[in-house]
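Dear colleague,

Here is the structure we spoke about, handed over with its sequence. My notes on charged pairs and on a pocket follow below.

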Amino acid sequence: MQIIEKSAEGLARVYGVTVTTADLTERLDTKVRELAPQVSIKGFRPGKVPVAHVRRMYGKSIMGDMLNELVQSGVDKAVNDNKVRPASQPDVKLQADMAAVIDLKADLVFDVELDILPEFETMDIKTITLTRPVAEVPDADLDTALAEIAKQSQSFEAKDGKAETGDAVVCNFIGKIDGEAFEGGTANDATVVLGSGNYIPGFEDQLVGVVKGEERVLNVSFPETYGVATLAGKAATFDVTVTEVQKAVETAIDDELAKKIGLSDLEALKD
C-alpha cells in the first residue's frame, strides 16, 4: 500500500492511497487459501475443495469484502503515518473503476480528504489577565428603557364615548371576499389597539369614532406582499360589531410593573 500527501493547505489534507494489482492478487490468493479448507461444496469432500475452484466461485465476493477492509486500512494508515489528528471523519473519494479493480485489471486508488486539528502550545492560565468591560448606562437611557417596558405592559379600561387613536376596541368581526367569509378572517372578542399597526392597512383607521354596540363594515385591501397567497392583493370587507371601547391606563413604573413581568421589584427590573 502506497500513500502520498497530495495536498496540504491550511488545515486541509489530501492523501492519495494506491494498492497495486499485484498486491491485490497476493492478498486475494491468501484469503482464498485461508477460506478453502472451510468451504463445503457438493461434489467435494469437506476441506478438499480446490483453491482454484473456491476462487472461481467466491473470488468477487471475497474481493468486495477485502476492498472495504483495504479502504479503511488505507484511511487509518494515512492518518497514522502522517501523525495528524483528524478534526472530523475523513472523506474517501474513489479514483479507480471498481469493477476493473475487482477483476484485478486496475489498481485500487482513492483519496483520503480530511481537516486536521491545529497544533498549538497551551498557556499557564495563571499568567493570563482579563479585563471585564462594564457599560456605564446613563440614567436617561435607563428611564427610556423603563418607559418602553411600561408601554408594552400597558393596560386598558372601559370608557364611554367614541374610540380615538390609542384606544382599544374590543370587537367581533367576520372577513369576506366577494361576499364569502374566508378562512382565518373571523374573530370574537378581538382587541384592536387603534394606531398600533397590528392589522392590515385601513382596518384600525376605520374603527376611529366607533362606540360600544355599533356595527360597521370596513373596506380594506390585503397588501400584495401579504403572507397568505390566497389573500394577497385582494379587496375585502369586515363586518364588525363593537362590544367595548377602552382607553389606555397609564402604567406606573413601580414594583407592580416589575412583578407583572416576573421580577421581584423595581430594583431588579432596573438591574
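Asp239 has a relative accessible area of 27%, so it counts as partly exposed. Please keep in mind throughout that this is a predicted model.

The side chain of Asp239 meets that of Lys176 in a salt bridge, with 3.0 Å from N to O. This pair links distant parts of the chain, since Lys176 belongs to strand β6 (residues 168-177) and Asp239 to strand β9 (residues 235-249), 63 residues apart.

In general terms, side chains of opposite charge can pair when their charged atoms come close. The structure holds 14 salt bridges, and a few others deserve a description here.

Lys60 and Asp103 form a salt bridge through their side chains, at 3.6 Å from N to O. Here too the pair links distant parts of the chain, with Lys60 in helix α2 (residues 51-81) and Asp103 in the loop between α3 (98-102) and β4 (108-115), the two being 43 residues apart. Lys60 has a relative accessibility of 57% and therefore counts as exposed, whereas Asp103, at 36%, counts as partly exposed.

Because Glu267 and Lys270 are three residues apart in helix α6 (residues 266-270), about one helical turn separates them. Glu267 counts as partly exposed at 49% relative accessibility, and Lys270 likewise counts as partly exposed, at 35%.

Salt bridges also join into a network, in which Asp91, Lys93 and Glu113 are linked.

Turning to the pocket, what space does the largest pocket hold, and which residues lie nearest its centre? About 180 Å³ of space lies in the largest pocket, and of the 13 residues that line it, Gly184, Gly185, Phe222, Tyr226 and Phe238 lie nearest the centre. Strand β7 (residues 180-193) provides the largest share of this lining, namely four residues. Sorted by class, the lining of the largest pocket consists of nine nonpolar, three polar and one charged residues.

With best wishes

Technical notes:
Residues are numbered from 1 along each chain as its sequence is written. This is a predicted model: local features need pLDDT of at least 70, side-chain atom pairs count only at pLDDT 80 or more; totals for chains, interfaces and linings use all residues. Side-chain values use heavy atoms; hydrogens and water are left out. A salt bridge is a side-chain nitrogen of Lys or Arg within 4 Å of a carboxyl oxygen of Asp or Glu. Buried means under 20% relative accessible area, exposed over 50%, partly exposed in between (1.4 Å probe, protein chains only). On a 1 Å grid over the protein atoms alone, a cavity is a set of points where a 1.4 Å probe fits but cannot get out, and a pocket is an open set with protein on both sides within 12 Å along at least five of seven lines; lining residues have an atom within 4 Å of a point. Grid points are joined across faces, edges and corners, and a volume is the space filled by probe spheres set on the points. Ala, Val, Leu, Ile, Met, Phe, Trp, Tyr, Cys and Pro count as nonpolar, Asp, Glu, Lys and Arg as charged, and the others, Gly among them, as polar.
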